[in-house]
Amino acid sequence: MRNPIRSEAEAFRFLLLVVAGAIVIAVCAALNTWLGVAGAVLVLGGLAAWLRG
Amino acid sequence: MTTLEHAEGLAHDDEHHGPPEPQYSSRVHPSVLGMFLFIGSEIMLFGAFFTAYFFVRVVAGTAWPTPPFHLPVFVALINTCILVTSSFTMHWSLQSIKRGNVFGMRAGILLTFLMGLTFLISQGREYSRAGFAPKDGAFATIFYCLTGLHGAHVFVGLSILLFMTIRAFRGHFSPENHHGVELAGIYWHFVDVMWIVVFLTVYVL
């Protein structure tokens, strides 16, 4: 399992992923509410998969 | 205990200085366990506030923002850019000291501190011009609670950064010894991640 606060570099990488995910959710939500929900689920799933390594 | 064993014990005592060796009752290393507890407590803290936010907005169906109030989205977006940029300078600072570039480390950590300070001052200015107070309904209360909780974390991060900046200019860090910068960086990125989530939920969605 990946630990995002193991080192500064890992934390920085995690931050970049969160920023990218937030942009995806914001764009999807601007197009359609349910698309935003789907985008959020997709992004959270992706982050969970990344954390599991 | 034989005389020989007793003598070996005494010899061992002579070699060991300081407190006795710790006894670990868990298979998880204490530093890792402490980190997990820290993450857990922060998730619960922010989670409680986000639960209140989703209850107010989704379950109760409160208009967001409640008319006639408006959220200063543009100022918050500029603040977001400042905070994300400060994470880049923080990362630059640590990479610099790892390569032995003391000037880069000092410049990076000072810029990070100044950008964090700008964020906090800007947020204070935003509060004074928001046109609503925490007592003005559920929307206003949740808004100030979420952004204020994050602001408190930024204040803690700035305090850490201030100490690290002073230490950096006093020459306390080297390519071999820069643990303080690393820890400050981890905390600062964590604060930044939390702001992205707060900004997305409070201002954008």
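These questions and answers go through a predicted model with chains A and B.

Student: What does the secondary structure of chain A come to?
Tutor: The C-alpha trace of chain A spans about 35 × 15 × 10 Å along its principal axes. Its secondary structure comes to two helices and zero strands.

Student: What share of the residues in chain A is buried?
Tutor: Residues count as buried under 20% relative accessible area. Chain A has 53 residues, and it exposes about 3100 Å², with carbon and sulfur atoms supplying 72% of that area. The buried share of its residues is 36%.

Student: What is the buried share in chain B?
Tutor: Chain B has an accessible surface of about 11500 Å², and 70% of that surface belongs to carbon and sulfur atoms. Out of its 205 residues, the buried ones make up 39%.

Student: Among contacts in chain B between residues at least 6 apart in sequence, what percentage join residues at least 24 apart?
Tutor: A contact here requires heavy atoms within 4.5 Å. Taking the contacts in chain B between residues at least 6 apart, those that join residues at least 24 apart come to 77%.

Student: Why does the length of α6(B) agree with its number of residues?
Tutor: α6(B) has 26 residues, and at 1.5 Å a residue they should span 38 Å. This helix is also mostly covered, with 22 of its 26 residues buried. Its length agrees because the end C-alpha atoms are 36 Å apart.

Student: How far does helix α5 of chain B reach from its first C-alpha to its last?
Tutor: Helix α5 of chain B takes in residues 137–169, which is 33 residues. At 1.5 Å a residue, 48 Å is expected. The reach is close to that, at 47 Å.

Student: Which residue with a positive phi follows α5(B)?
Tutor: The phi of this residue is near 80°. The residue that follows α5(B) with this positive phi is Gly171(B).

Student: Is Thr80(B) buried or exposed?
Tutor: Thr80(B) sits in helix α3 of chain B, residues 73–98. Leaving aside neighbours within four places in sequence, Thr80(B) is in contact with Trp195(B), Ile196(B) and Phe199(B). Because its relative accessibility is 9%, Thr80(B) counts as buried.

Student: How does Thr66(B) count at 24% relative accessibility?
Tutor: Thr66(B) lies in the loop between α2 and α3 of chain B. Its C-alpha atom is separated by 8.4 Å from that of Gly137(B), 71 residues apart along the chain. With a relative accessibility of 24%, Thr66(B) counts as partly exposed.

Student: Which helix gives the most to the lining of the largest pocket?
Tutor: The largest pocket has a volume of about 1400 Å³. Helices that each supply at least two residues of its lining are α1 and α2 of chain A together with α2 and α6 of chain B. The most, 12 residues, comes from α2(B).

Student: How do the residues of the lining of the largest pocket divide into nonpolar, polar and charged?
Tutor: The largest pocket is lined by 45 residues. Val18(A), Leu44(A), Leu47(A), Val193(B) and Val197(B) lie nearest its centre. The lining divides into 34 nonpolar, seven polar and four charged.

Definitions and conventions
Residues numbered from 1 in each chain as written. Chains lettered and ligands numbered in written order. Predicted model: local features only at pLDDT ≥ 70, side-chain atom pairs only at ≥ 80, totals over all residues. Heavy atoms only, no water. Helix = DSSP H or I, 4+ residues; strand = E, 2+ residues; numbered from the N terminus. Buried < 20%, exposed > 50% of the residue type's maximum accessible area, 1.4 Å probe, protein only. 1 Å grid on protein atoms, 1.4 Å probe; cavity = no way out; pocket = protein on both sides within 12 Å on 5 of 7 lines; lining within 4 Å. Points joined across faces, edges and corners; volume = space filled by probe spheres on them. Nonpolar A, V, L, I, M, F, W, Y, C, P; charged D, E, K, R; others polar. Expected span 1.5 Å × (residues − 1). Areas by Shrake-Rupley, 256 points an atom, 1.4 Å probe, with all protein chains shown as cover.
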